[in-house]
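Hi everyone, thanks for making time. I'd like to walk you through a model, so please have the viewer open and follow along.

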Amino acid sequence: MRKHDLEDSHAFEKTDRPRRSRRARFDDEPEPTRGGRLTEAERVRLARLREDAYTETAIPGGGDRWSTWDEAEHGPHPRPDWVITELAAVDTELGILKTGKEADVHLVRRGLPDTEGTVLAAKRYRSGEHRLFHRDAGYLEGRRMRRSREMRAMESRSSFGRNLIAEQWAVAEFTALSRLWTVGAPVPYPVQRDGTEILLEFLGDGETAAPRLAQVRPEPEQLRELWFQTAAMLELLASQGLAHGDLSAYNLLVHRERIMVIDLPQVVDIVANPGGLEFLARDVRNIATWFHSRGLPERLTAVPELIEELREIAGLR
Ligand SMILES: Nc1ncnc2c1ncn2[C@@H]1O[C@H](COP(=O)(O)OP(=O)(O)OP(=O)(O)O)[C@@H](O)[C@H]1O
Ligand SMILES: [Mg+2]
């Protein structure tokens, strides 16, 4: 499953980072694990800390962990030149951007010791109790899923199963972001996925995140511009046969005057999913309603016409 290309193994030899023998990661383990009172994520975090304590004297520069690049699934090519692939890099936690019910987003700096490094957004899916299975099932409809031991674990909602569900959402979001970035959609570059964590290009300046659309108060001219960018983004998604599935003014960021889409784990295949068209229409209505509430005339959003156009672009009759 993990991709180690040649380039990476060469990079490994060149670094002076000590080679560690890693204990098999939790998601590779054959048997359901017992977490006791600890959540699965906490157990994994503690195991990693323990492991680091045995094998490392200290992580340089006050870092919180070694770069997890080598064990992660990597983002698409061509890889932006700011992506740090050196295995001697360390990750430092800078703080939390937002806590949510299903995931927390943290700010992380990755870099070689004594360098400025790169700021990344780390979205960490929780293996919470609250996640409703019918929601998972509804959105995953149309995705192929093998009925397997993993599937049964997920249905039983054991802590192992819950962690698998969280990982599945991370996989879904990483896959969607990779695909959309590759076709030029306005999404943050997906740097890597490791278990339930995805690292993304940080949209913001310095350590200040770009505002959500919901937080900006655009002048009429800029409001129109942002709407046209939003419609263009929807057309691009439709050309891939996709709808966002949870589009709102909270899942669009305004980064340097450009609309950027985030929060894509529930992306909907509008062709394969029987309810796909309804998701598409709901996305358009939701976001158009926000633009209306900010003063954009309905003749500009032309919701029924836009839905129709997106259907056609997606190849649906
Ligand atoms: N790449 C990024 N760059 C900057 N900020 C980001 C990035 N990704 C996420 N954020 C911030 O974190 C917030 C939560 O991200 P996201 O919507 O992906 O997670 P979520 O847990 O699904 O949130 P919610 O449940 O509130 O929709 C965003 O509203 C945004 O403010
Ligand atoms: Mg969100």
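Leaving out residues up to four places away in sequence, Val261 touches Ala185, Pro186, Val187, Met233, His244, Asn251 and Leu252. Contact here is a C-beta criterion: two residues count if those atoms, placed from the backbone, lie within 7 Å.

A word on the ground rules. This is a predicted model, where local features need pLDDT of at least 70 and side-chain atom pairs count only at pLDDT 80 or more, while totals for chains, interfaces and linings use all residues. Residues are numbered from 1 along each chain as its sequence is written, and chains are lettered from A and ligands numbered from 1 in the order in which they are written.

Back to Val261. In the largest nonpolar core, which has 58 residues, Val261 is among those that touch the most other members, together with Leu120, Leu253 and Met260. By nonpolar core I mean a set of buried Ala, Val, Leu, Ile, Met, Phe, Trp, Tyr and Cys residues joined through C-beta atoms within 7 Å. Buried means 20 or more other C-beta atoms within 10 Å of a residue's own, exposed means 12 or fewer, and partly exposed is in between, again with C-beta atoms placed from the backbone. Helix 5, residues 159–182, gives this core its largest share, 10 residues. Domain 1 (91–208) and domain 2 (210–314) both contribute, so the core lies between them; those bounds come from an automatic or database domain assignment.

Trp169 is buried, with 24 other C-beta atoms within 10 Å. Pro265 is 96 residues away from Trp169 in sequence, yet their C-alpha atoms are 5.7 Å apart.

Now, the strands. Helices (H or I, at least four residues) and strands (E, at least two) are DSSP runs, numbered from the N terminus, and the protein has nine helices and 13 strands. Seven strands make an open, antiparallel sheet in the order 1-3-4-5-7-6-2. Its edges are strand 1 (65–66) and strand 2 (73–74), each pairing on one side only. Pairing requires at least two DSSP bridges.

Look at strand 5: six of its eight residues are buried, so the rest of the structure largely encloses it. Strand 5 runs antiparallel to strand 4, with eight bridges joining the two, and Ala121 in strand 5 is the bridge partner of Leu107. The hairpin of these strands has six residues between them, and there Asp114 takes a positive phi near 65°. Strand 5 also pairs with strand 7, antiparallel, over five bridges, with Lys123 opposite Ile198.

Last stop, the ligand. What comes nearest to ligand 1? Of the 21 residues around it, the answer is Gly100, Val105, Ala121, Leu203 and Asp263, where "around" means a backbone-placed C-beta atom within 6 Å. Strand 3 (90–99), strand 4 (103–111), strand 5 (118–125) and strand 7 (197–201) each supply at least two residues of this shell. Both domain 1 and domain 2 give at least three. By class, the shell has 12 nonpolar, three polar and six charged residues; nonpolar is Ala, Val, Leu, Ile, Met, Phe, Trp, Tyr, Cys and Pro, charged is Asp, Glu, Lys and Arg, and the others, Gly among them, are polar.
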